[in-house]
Every structure is written in C-alpha cells, then in structure tokens.
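Subject: Structure handover

Hello,

Here is the structure I said I would pass on. Please open it and keep it beside this message while you read.

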Amino acid sequence: MSSLPLLSRQYFDGIYIPALLLIVGTFIVKREWLIFAFPITLALGVLKYFRSLPKKFLKPDVFQELELKEKTIISHNVAIYRFALPTPTSILGLPIGQHISIGAAIAQPDGSSKEIVRSYTPISGDHQPGFIDLLIKSYPTGNISKHLASLAVSQSIRVRGPKGAFVYTPNMVRHFGMMAGGTGITPMLQIIRAIIRGRAAGDKTEVDLIFANVTQQDILLKEDLDSLAKEDSGFRVHYVLDKPPEGWTGGVGYVTPDMITKWLPKPAEDVKILLCGPPPMVSGLKKSTESLGFKKARPVSKLEDQVFAF
C-alpha cells in the first residue's frame, strides 16, 4: 500500500488535476460526450493510482541483481553500501525484523568457484524507496564481506528474500531488551527505528539496548543511536566496551548478568529479549538470560520465544 495520503500533492498533480482538465475540456468541446468522459477518467485515474504504488523488489526463491551506487567508508574495514532498486519508487519489500540473502560465486584456493550465501539486515527500510543501505564489516576470512568490500560503483550483487523467523508488529510486547555485538546492531536498529516511527500511530513499545564492542572506535552508528535515544524517551542505549578509554563511564568487559539485571527489563510475559552478535557472545547471553529467569532459548529461535536470537 502507498503511504501517501490521498490529498497529497503527488495525487493532485498526477491524478486529480489531469482528471478535472479532461472533464472540463470535454464539457467545453462536446458536452454530449460527458457520459463517456466520466467512466474513462475514473478508469485512467484508478490505473494511474495503482501504477504509482511502490513495487516490492524481493522474491524469496529467486536471486536478483542490485547495482552499487554509493560506498561510504566508516572505518578501515566498515562501510555503508547503497544499492539502487529498479525504480525511484521501488521498495525492497522487507518486513521489519527480517533479513536478505546475498549470494556470490567465490574463488577457491584450488582455482574453482563456490556459491556462498550470507544473510544481512539493511539499515534502510521500505519508508525509503529507491535504494537499500547495507552496513558491512569486512573480515579477513569473510567470503561475502570481502567480496562486497572489493566491489566498485556500478558493479552488482545478487539478492533474495525476505528471510527470518522474526517479524515486528507494533506493540507486540510491552518492553524489548536488546543485546548486540558489532554488526549485530543492524536488526536492532531496524526494529528501533520502526518503533519510533510508529509512535504517532500509537506504538508504545519500550526498548533498552546493550551494545557491546571491543573499543570505542568499534561502536557502529553511535551518532544514530544517540540521536534516537535523545529524540525518544522510550529508547535507551547502554554501551559496553572490552577495552575502554580512560574516563569511560559505560560498562566494561563482557556483558554480565548484573548488567542485564541493571539495564534490561525483568522477565515477564510481555517482555522479549533480542540477541544478535558473534556466536560465542550469543551463546553466553542465552545462558545468562536463563539464569535470570527468562525462558530457555531454543537452538533455532521462533517468533514466540521470550529470548530470540537473530
């Protein structure tokens, strides 16, 4: 569905005014044709309206190509990659909380190539038509992340989706407790932004986020997170560093049960814990949440789970 109100300028310029001109012109030139002009005008208006609706790009079972339009370097191994959708009004068609698959044929040591597929969550959303933004950290052993880092503007990637067991709906819980490490911030940010955008429509969900990193320089999108926290009193972010600088006032070391107790909501039926980060971190946090009274996390999370790992 289009998010534009029916009285928006786009509809006036593209549908209402041309329709009015057609009716008035027919009245002036040949009044007896008005009986035909009204249904024709209505049919053309409806056709133009549906053509103006955003087109969803993703197909769950088919890889499609997207061209790299812009690359913004964040650090020596992190960048935001902007890929163009087919038209300026196209949307990715990704439900909040889900992710996409990126596939590429990666050269192997023996000279052959192997199809590698990895999952990523865009930091943009369907409220931003025409493009998608991916925040990617390139690892020395990362097949797809290294491939993306090597791309030049105008080169393409192959994408399919949506994927994932989690789909956010407004007020699905009273309070989210989120814990993320490194690029695990991307699905959290997607959900946080959706919640804050939904405030005007009645989304009252509270969010507390623990974001763990090695150094202060490793904190991705800190300005965005701090800006969202300043803008919205229902969202709070708590930073944890393994190697903090002098004078650091946030958490230090690994995320502990004490930090979870201090910063995140207590176990309740209307509370959900979301986890995303390196596997050892997620594994440890599953044990910590269980020790604090949350329901035991499954090896593969389902939407209804109290502790959900992306």
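Two residues are in contact when heavy atoms of theirs lie within 4.5 Å. With that in mind, M259 touches I210, V240, G251, V252, Y254 and L264, leaving aside residues up to four places away in sequence. Please note that the model is predicted.

M259 sits in helix α6, which covers residues 257-263. Is M259 buried or exposed? Its relative accessible area is 10%, and buried means under 20%, so M259 counts as buried. The C-alpha atom of M259 is 48 Å from that of S112, and the two residues are 147 apart along the chain.

Now the chain as a whole. It has 310 residues, of which 44% count as buried. Its secondary structure comes to 7 helices and 12 strands. The C-alpha atoms fill a box of roughly 80 × 55 × 40 Å along the principal axes. Taking contacts between residues at least 6 apart in sequence, 68% join residues at least 24 apart. The chain exposes about 16900 Å², and carbon and sulfur atoms supply 59% of that area. There are 36 positive and 27 negative charges, and the mean positions of the two groups are 5 Å apart.

Next, the sheet. Strands of a sheet pair through backbone hydrogen bonds, either parallel or antiparallel. In this model, an open sheet of 6 strands has the order β10-β9-β8-β7-β11-β12, and the pairing is parallel. Its edge strands are β10 (251-252) and β12 (307-309), each of which pairs on one side only. Strand β7 (residues 175-181) and strand β11 (residues 271-276) run parallel and are joined by 6 bridges. For F176, the bridge partner in β11 is K272.

Which strands does helix α4 touch? Helix α4 (residues 185-197) packs on the sheet and touches β7, β8 (206-213), β9 (235-241) and β11. The direction of α4 makes about 150° with that of β7. Helix α7 (residues 279-291) lies across β7, β8, β11 and β12, and runs at about 160° to β11.

One more residue to look up is S145, in helix α3 (residues 143-149). S145 counts as buried because its relative accessibility is 4%. Not counting residues up to four places away in sequence, S145 touches Y120, I136, K137, S138 and Y139.

Regards

Notes. Residues numbered from 1 in each chain as written. Predicted model: local features only at pLDDT ≥ 70, side-chain atom pairs only at ≥ 80, totals over all residues. Heavy atoms only, no water. Helix = DSSP H or I, 4+ residues; strand = E, 2+ residues; numbered from the N terminus. Buried < 20%, exposed > 50% of the residue type's maximum accessible area, 1.4 Å probe, protein only. Areas by Shrake-Rupley, 256 points an atom, 1.4 Å probe, with all protein chains shown as cover. Lys, Arg positive; Asp, Glu negative; His and termini not counted. Charge placed at Lys NZ, Arg CZ, Asp CG, Glu CD. Pairing = 2+ DSSP bridges. Axes fitted to C-alpha atoms, helices over the stretch in contact; angles between N-to-C directions.
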